[in-house]
Amino acid sequence: MKDNPTNLYGDIFSKIFNLYWTDFIDIIHPGIIKCFLDHKQITVDEVITKREYIDNIGEFEKYNVLDLFCGTGRLSRKLLNSGFNVTGIDLSESMISVAKQLSNDQITNNKLKLIVDDARTFQLGLTFDMIVATFDSLNHLNSIEELEMVFDQVSDHINSNGLFIFDLNTARGLKYWDFIDVEDYDDATFFQYGKYVAKEKRAYTRVTGFLRKEGSELYEKFSEVMTNTIFPIADVIHLLEKKWSKVICVDLGKFEPVDDPEKLDRIVLIAHK
Ligand SMILES: C[S@@+](CC[C@H](N)C(=O)[O-])C[C@H]1O[C@@H](n2cnc3c(N)ncnc32)[C@H](O)[C@@H]1O
């Protein structure tokens, strides 16, 4: 068992996450594909791009992507559909286990590798054309030192002309993290309680609920607390600029450059080697 001291993203929550936390990847995936096409100066038929990049883009087959903090592999599978070879890393055995169940064919075809490991310390001895880390993943780190550890690993695993793309919740986004949300489905009921703690500069989300056991009328209970740390975007850019030649901050929806990232709730950073 890898070191996962907070025991987050356990068995039941991993299933819930995969079933009901689905929108984010659909939003960020087209931007990631567009970025890679621009970076490699690949021109594709406009019809393909209008289909939200889900079709196989032949040129991608020679490129390798690392989906760091891959979770249940939702983005990995979209990148596979676009043609990339993908490696996914996540600290949670349960998340990787769901990802494996959903991606059997691609694993068999050697298009996808899924690994349980820590983004702060992993060492694959390989390099990639693009590394992505999506959906608040880097906000889960506890300090700027941990963020720098991840950036160091990413630098060690990127090709000389590689791209690193990740999103972050900003201070503005996390300061308004006070909410209660209840969701009720046929097989699951859960609520989320979000709270910003000013003195810690962190937001917490407790997710508690029940998921129906497969083939049974019994429900299993789960409860987890997720942490989101605020990282001042100027500090993050400063760290990246030590090792990356160009760093751009864009908005999540259109991937257009933003002048003042702290005015948005969430941003995407794109670093070029
Ligand atoms: C919000 S989920 C995002 C999953 C996926 N990227 C997505 O977009 O659906 C955050 C993921 O980060 C993983 N994680 C947290 N800390 C980690 C670490 N130190 N190393 C690797 N994965 C980690 C969790 O297990 C979880 O799967």
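How do the residues of the shell around the ligand divide into nonpolar, polar and charged? In this predicted model, eleven of them are nonpolar, five are polar and five are charged. The shell around the ligand holds 21 residues. Gly-71, Leu-91, Ser-92, Ala-119 and Phe-135 come nearest to the ligand. Two elements, α2 (23–39) and α4 (74–82), each give two or more residues to this shell.

The overall form was examined next. The secondary structure of the protein comprises nine helices and eleven strands. The radius of gyration is 18 Å. A compact globule of 273 residues would have a value near 19 Å, so the protein agrees with that expectation. Along the principal axes, the C-alpha atoms fill a box of roughly 50 × 45 × 40 Å. Of the 273 residues, 38% count as buried. Contacts between residues at least 6 apart in sequence were also considered. Of these, 64% join residues at least 24 apart.

The domain assignment gives two domains. Domain 1 covers 11–171 + 231–272, and domain 2 covers 173–229. Their centres, taken over C-alpha atoms, are separated by 24 Å. Contact between the domains involves 17 residues of domain 1 and 15 residues of domain 2. On the domain 1 side, helix α1 (residues 11–20) gives the most, with six residues. That side of domain 1 divides into eight nonpolar, five polar and four charged residues.

In soluble globular proteins, nonpolar side chains tend to be buried together. The largest nonpolar core of this model has 61 residues. Within this core, Val-132 and Ile-165 touch the most other members. Strand β5 (residues 158–169) gives the most to the core, with six residues. Both domain 1 (11–171 + 231–272) and domain 2 (173–229) give residues to the core, so the core lies between them.

Cys-35 is found in helix α2. This residue has 20 other C-beta atoms within 10 Å. Beyond four places in sequence, Cys-35 is in contact with Leu-163, Ile-165, Phe-255 and Ile-270. Leu-163 is 128 residues from Cys-35 along the chain, yet their C-alpha atoms are separated by 8.8 Å. Ile-96 is placed in helix α5 (residues 93–102). Ile-96 counts as buried because 24 C-beta neighbours lie inside 10 Å. Not counting residues up to four places away, Ile-96 touches Asp-90, Leu-114 and Val-116. Asn-85 is eleven residues from Ile-96 along the chain, and 17 Å separate their C-alpha atoms.

Backbone geometry was then inspected in the loops. Most residues other than glycine have a negative phi. Gln-41 has a positive phi of about 55°, although it is not a glycine. Gln-41 sits in the loop between α2 and α3 (46–50). With 6 other C-beta atoms within 10 Å, Gln-41 is exposed. Asn-110, also not a glycine, has a positive phi of about 60°. The loop that holds Asn-110 runs between α6 (104–108) and β3 (112–116). Asn-110 has 8 other C-beta atoms within 10 Å and is therefore exposed.

Glu-214 is found between β8 (202–212) and β9 (219–229). Glu-214 counts as exposed because 7 C-beta neighbours lie inside 10 Å. Glu-214 and Phe-122 are 92 residues apart along the chain, and their C-alpha atoms are separated by 34 Å.

Notes. Residues are numbered from 1 along each chain as its sequence is written. This is a predicted model: local features need pLDDT of at least 70, side-chain atom pairs count only at pLDDT 80 or more; totals for chains, interfaces and linings use all residues. A residue is near a molecule or strand if its C-beta atom, placed from the backbone, lies within 6 Å of it. Helices (H or I, at least four residues) and strands (E, at least two) are DSSP runs, numbered from the N terminus. Ala, Val, Leu, Ile, Met, Phe, Trp, Tyr, Cys and Pro count as nonpolar, Asp, Glu, Lys and Arg as charged, and the others, Gly among them, as polar. The radius of gyration is taken over C-alpha atoms; the globule rule is 2.2 Å times the number of residues to the power 0.38. A residue is buried if 20 or more other C-beta atoms lie within 10 Å of its own, exposed if 12 or fewer, and partly exposed in between; C-beta atoms are placed from the backbone. Two residues are in contact if their C-beta atoms, placed from the backbone, lie within 7 Å. Domain bounds come from an automatic or database domain assignment. A nonpolar core is a set of buried Ala, Val, Leu, Ile, Met, Phe, Trp, Tyr and Cys residues joined through C-beta atoms within 7 Å.
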